[in-house]
Amino acid sequence: MNKRIAVLPGDGIGKEVAKGAVEILQAVGERFGHQFSFAYGKIGGESIDEFGTPLPDETIQLCKESDAILLGAVGGPKWDQTPAHIRPEKGLLKLRKDLNLYANLRPTMYYESLADSSPLRKEVIQEVDMLIVRELTGGLYFGKPSERVQHNGEDAVVDTLYYEKAEMYRVIKLAFELARDRNKRVTSIDKANVLESSRMWREIAEEVAKDFPDVKLDHMLVDNAAMQMVMNPKRFDVVVTENMFGDILSDEASVLTGSLGMLPSASLSENGPFLYEPIHGSAPDIAGKNMANPLAMILSAAMMLRVSFGLEEEANEVERAVNQVLDAGIRTSDIASFGSPHTSTSKMIDEVKAVLLDNEAIM
Ligand code: NAD
Ligand code: IPM
Ligand code: MN
């Protein structure tokens, strides 16, 4: 198979982990006889420094011409004071919007080998298998106006939460479709006791549910959901929610697996290309130290193989290699038990590659 992959490493640990995903995909290509070509584009802070904008047209063009996109992470303290419209994060948001990547799939699962990496008890997290479907191109993130204003002589500010019915409908429908192939349960999360947008969201969820009699729908308020997610995470199968709630709950959900450094994601549109990125950020506190966990990014590449290219066996093999490395006790510091030995980003990547190519025993 011949595929062209756009790689946007971005800032901070984005660069370190994107390198890992590319190496793993190269190993997959080598083992299974696929031709993957990689074309690099700039995004985020690095792009602001070079072009004065967080998302140059060339990068958008490159993405549109590619079969799939891998993204590391954007942002960092260097650009925290730049004007709102040229912040690194704006580049990522614009890319999601330009490519119409309306649904962000964030799977969270239990790894037996990481049971001790989570601060939660094993009985709580055992067998967790949850898929958060986050709306990605609407809501507070994109509503206009979003600006400082003067009101009655006072400094004030406005952010706007705007959704069209069709935007809610398509992502909720996708969640139901995905639930059909899983445990047939959808939990729709909202704040319908306060927000009109949530009341509309809830109505639409009920409407969609009528077309899926085999899938059970329940609703939960977001504050309760944040609590349930750590109290009783096994009750969730597919979770569907609007943009900002999904952002917050998915970082929380990473604690069920053990670390933010473990959670991959896929962002889907109607027609592709799709984008794959870890859910974590550029981690300025550990950037440049060869400490980041590359597995969220590597698992995102596995999602790419499965979802964009239909390469199920190849995706399974990457996931199997990750599991084998974890089972062998190889850990970056975020998943190492306190005080126990840990390895570097590059060594972790090498280990996964070695298992994948089957040519070196795990140390
Ligand atoms: P973060 O996700 O970058 O880091 C949060 C914490 O998790 C940090 O302690 C970090 O060291 C740790 N962490 C994250 N990924 C890790 C990994 N792979 N391995 C080990 N530890 C990991 O969130 P933050 O610190 O709130 O944000 C930093 C910057 O990243 C901000 O500029 C933010 O806007 C940006 N950000 C970008 C994305 C993205 O590009 N998709 C996502 C989230 C945050
Ligand atoms: C994420 C990030 C982004 C978001 C930021 C960087 C815009 O937190 O991908 O989860 O909030 O969507
Ligand atoms: Mn986030």
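Guide: Let us begin with contact: two residues are in contact if their C-beta atoms, placed from the backbone, lie within 7 Å. By that rule, Ile-204 touches Lys-165, Met-168, Tyr-169 and Ile-172, not counting residues up to four places away in sequence. This is a predicted model, in which local features need pLDDT of at least 70 and side-chain atom pairs count only at pLDDT 80 or more, while totals for chains, interfaces and linings use all residues. Residues are numbered from 1 along each chain as its sequence is written, and chains are lettered from A and ligands numbered from 1 in the order in which they are written.

Visitor: Where is Ile-204 found, and how far is Ile-204 from Lys-165 in sequence and in space?

Guide: Ile-204 is in helix 7, residues 196–209; helices (H or I, at least four residues) and strands (E, at least two) are DSSP runs, numbered from the N terminus. Ile-204 and Lys-165 are 39 residues apart in sequence, while their C-alpha atoms are 7.8 Å apart in space.

Visitor: Why does Ile-204 count as buried?

Guide: A residue is buried if 20 or more other C-beta atoms lie within 10 Å of its own, exposed if 12 or fewer, and partly exposed in between, with C-beta atoms placed from the backbone. Ile-204 has 21 such neighbours, so it counts as buried. Pro-107, in strand 4, also has 21 C-beta neighbours inside 10 Å and is therefore buried. From C-alpha to C-alpha, Pro-107 is 8.4 Å from Val-133, although 26 residues separate them in sequence.

Visitor: What is noted about phi in Asn-100 and in Lys-184?

Guide: Most residues other than glycine have a negative phi, and most peptide bonds are trans. Asn-100 has a positive phi, near 60 degrees, and Lys-184 has a positive phi of about 60 degrees although it is not a glycine.

Visitor: Which residues are joined by cis peptide bonds?

Guide: Lys-144 and Pro-145 are joined by one, with omega about 0 degrees; Pro-145 is in strand 6, residues 143–151. Another joins Gly-272 and Pro-273, where omega is about -5 degrees. Pro-273 lies in the loop between strand 11 (266–268) and strand 12 (274–276).

Visitor: How do you know that helix 1 and helix 12 are roughly parallel?

Guide: The axes of helix 1 (residues 13–32) and helix 12 come within 10 Å and cross at roughly 10 degrees. Axes are lines fitted to C-alpha atoms, for helices over the stretch in contact, and angles run from 0 to 180 degrees between N-to-C directions. Angles under 35 degrees count as roughly parallel, over 145 as roughly antiparallel, 65 to 115 as roughly perpendicular and the rest as oblique. Helix 1 and helix 12 are therefore roughly parallel. Their contact divides into seven nonpolar, two polar and five charged residues, where Ala, Val, Leu, Ile, Met, Phe, Trp, Tyr, Cys and Pro count as nonpolar, Asp, Glu, Lys and Arg as charged, and the others, Gly among them, as polar.

Visitor: What makes helix 11 oblique to helix 12?

Guide: Helix 11 (residues 312–327) and helix 12 (residues 345–357) pack at about 120 degrees, with axes 9 Å apart. That angle makes helix 11 oblique to helix 12. By class, their contact has seven nonpolar, one polar and two charged residues.

Visitor: Which domains does the assignment give?

Guide: Domain bounds come from an automatic or database domain assignment, which gives domain 1 (1–99 + 273–363) and domain 2 (104–259). Their C-alpha centres lie 24 Å apart. The contact takes 10 residues from domain 1 and 15 residues from domain 2. On the side of domain 1 that touches domain 2, helix 4 and helix 11 are the elements that give two or more residues, and helix 4 gives the largest share, three residues.
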